[in-house]
Amino acid sequence: MSMSQSESRAAERNRDLSLLVAVSLAVLGAALTWLYFIALSAGAAPRLADLAYERLPGTGVSNPVTAVLLNYRAYDTLMELAVLLAALLGIWSLGPAAPGFQRSGAVLAGMVSWVVPLLIVTGGYLLWVGGYAPGGAFQAGALLGAAGVIVRLAGDPRAGLPGEGAQRWLLVLGVLVFTLVGLGLMAFGAGFLTYPPKFAKWLILLIEMAATVAIGVALAAAYVGGRPPGPEAQPTAEDEDALTAAETPTPDPTPALRPQP
Amino acid sequence: MTQPVFWALVGMALVVMGLYALIVHAHLLRKVLALNVMSSGVFLVFIGLARRAPGEDAPLAADPVPQAMVLTGIVVAVAATGLALALIVRQRALTGRTTLNDDVGR
């Protein structure tokens with residue numbers, strides 16, 4: 001009885017605390033809103049946008065967001081790729097991944113064999129279009145990562161990725177190419193990641209291609225949720241046969257698989 | 001109320017609501033969800049500010065700098081969420097609990 005009493009008292013105290021938190025956060029929200037309106041009524045300060053648009057012709061791309069990401073603030077994007085890599089290293093350090101889901105049935109496998117190539121093609125399109133319209137490496141990488149998620153949900157324990165050794169190379173590809181381009185530019189007398197306008201477009205495209213692969217692999221590997229399953233977890237020949245059989249739509253299944261009338 | 005101001009207000013409401021859930025709920029998955037709601041709120045504030053016109057002459061020239069920062073932020077938030085979820089799974093596998101070992105409710 002004393003147990004239940006202390007429990008109910010604790011619940012009561014928790015409720016009081018929640019109320020207190022709610023009230024103080026409401027005050028905080030009101031203060032933030034007030035600050036925001038003060039900032040708004042002070043009028044627009046000089047923004048970076050005008051400078052960004054003014055320098056756009058020399059950046060090699062005509063999409064201002066891509067110019068900010070890959071040219072003006074390229075350091076930021078390099079560090080962001082490093083953050084993604086660090087997060088994945090953290091996930092891998094926690095141990096092996098859980099086993100995958102069971103092999104998908106014919107309907108899901110058929111859908112996967114349509115959707116995944118479509119996602120990859122769309123990713124490539126977004127990567128290219130990022131130079132002059134909304135799109136770019138991160139959007140393309142997100143689509144590749146989504147393709148990996150779908151493949152894992154359909155039963156591949158490694159989300160369609162290669163073995164761990166190859167995954168490591170693909171993961172560091174973004175940071176590696178980014179850094180090498182920067183160092184190469186330094187060697188030729190420009191600053192670190194200061195592209196000469198003549199080559200800017202192609203250097204940015206090179207970095208974005210590497211970044212797309214790295215982001216896609218990192219997102220898919222993060223979804224796997226641990227170190228990739230080792231060689232013993234690789235699909236056996238039978239599994240591969242089943243996978244290819246499931247991936248290629250067979251219009252005429254073997255009579256044994258047909259429901260018997 | 002202009003559109004940018006509206007989105008900024010929605011964003012601030014999301015931040016406050018997410019902060020409330022982050023403090024009140026003990027379950028780690030709820031905390032991660034709350035953090036994601038908070039970051040969505042921050043992104044909305046940024047995007048709202050990006051639409052803020054410098055003057056009446058260029059009404060809708062969006063500022064690409066906050067947009068690019070939001071793009072960066074989304075990727076970092078996704079990476080952090082993935083790591084947090086992996087940590088939660090590991091915590092549950094090791095201790096069987098999905099809360100932190102503190103004295104809430106004792």
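Okay, so 37 residues of chain B are in contact with 37 residues of chain A, contact being heavy atoms within 4.5 Å. Before I go on: this is a predicted model, where local features need pLDDT of at least 70, side-chain atom pairs count only at pLDDT 80 or more, and totals for chains, interfaces and linings use all residues. Residues are numbered from 1 along each chain as its sequence is written, chains are lettered from A in the order written, and side-chain values use heavy atoms, with hydrogens and water left out.

The area buried between the two chains is about 3200 Å², and carbon and sulfur atoms give 76% of that; buried area here is the accessible area (1.4 Å probe) that two parts lose on being put together, summed over both. On chain B's side, α1 (3–24), α2 (28–50) and α3 (64–95) each supply at least two residues, helices being DSSP runs of H or I, at least four residues, numbered from the N terminus. The most comes from α3(B), with 16 residues.

Now, over to chain A. Helix α6 (residues 137–153) has 17 residues and reaches 24 Å from first C-alpha to last, close to the 24 Å expected at 1.5 Å a residue, that is, 1.5 Å times one less than the number of residues. Its buried residues (under 20% relative accessible area, 1.4 Å probe, protein chains only) include Phe138(A), Leu143(A), Val151(A) and Arg152(A). What do the buried residues of α6(A) pack against? In chain A, α3 (64–72), α4 (74–93), α5 (106–129) and α8 (200–224), together with α3 of chain B. After α6(A) comes Gly155(A), with a positive phi near 115°.

Conventions:
Buried means under 20% relative accessible area, exposed over 50%, partly exposed in between (1.4 Å probe, protein chains only).
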